[in-house]
Amino acid sequence: MPRPDRRFLDTVVAFAWTVLLIALLLWSAVWLISQIYIWLIVLAAIAAATWIAVWWLQRRSDRW
């Protein structure tokens, strides 16, 4: 509940700071998730390449 001694401009400024804080928090959360997402893709690609290399080497050694 707003205090009676608070001016309208003070209320607008406080609301603007709150919106800015929420926007910064959302931006940092999206940035962090995107960084983790990229690392997960890189790790999955390394794991897939390793699995394919091992499968190919085993298949190649079976011929001899």
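Biologist: Is tryptophan 27 buried or exposed?
Modeller: Tryptophan 27 counts as exposed because its relative accessibility is 59%, and exposed means over 50% relative accessible area, buried under 20% and partly exposed in between (1.4 Å probe, protein chains only). Keep in mind that this is a predicted model, where local features need pLDDT of at least 70, side-chain atom pairs count only at pLDDT 80 or more, and totals for chains, interfaces and linings use all residues. Residues are numbered from 1 along each chain as its sequence is written, and side-chain values use heavy atoms, with hydrogens and water left out.
Biologist: Where does tryptophan 27 lie?
Modeller: In helix H1, residues 8–62. The protein chain has 1 helix and 0 strands; these are DSSP runs numbered from the N terminus (helices H or I, at least four residues; strands E, at least two).
Biologist: OK, and how many of the 64 residues are buried, as a percentage?
Modeller: Buried residues make up 0% of them.
Biologist: New topic: which side chains meet in a salt bridge?
Modeller: Arginine 7 and aspartate 10, at 3.9 Å, N to O. A salt bridge here is a side-chain nitrogen of Lys or Arg within 4 Å of a carboxyl oxygen of Asp or Glu. The whole structure has 1 salt bridge.
Biologist: How exposed is arginine 7?
Modeller: Arginine 7 is exposed, at 54% relative accessible area, while aspartate 10 is partly exposed, at 34%.
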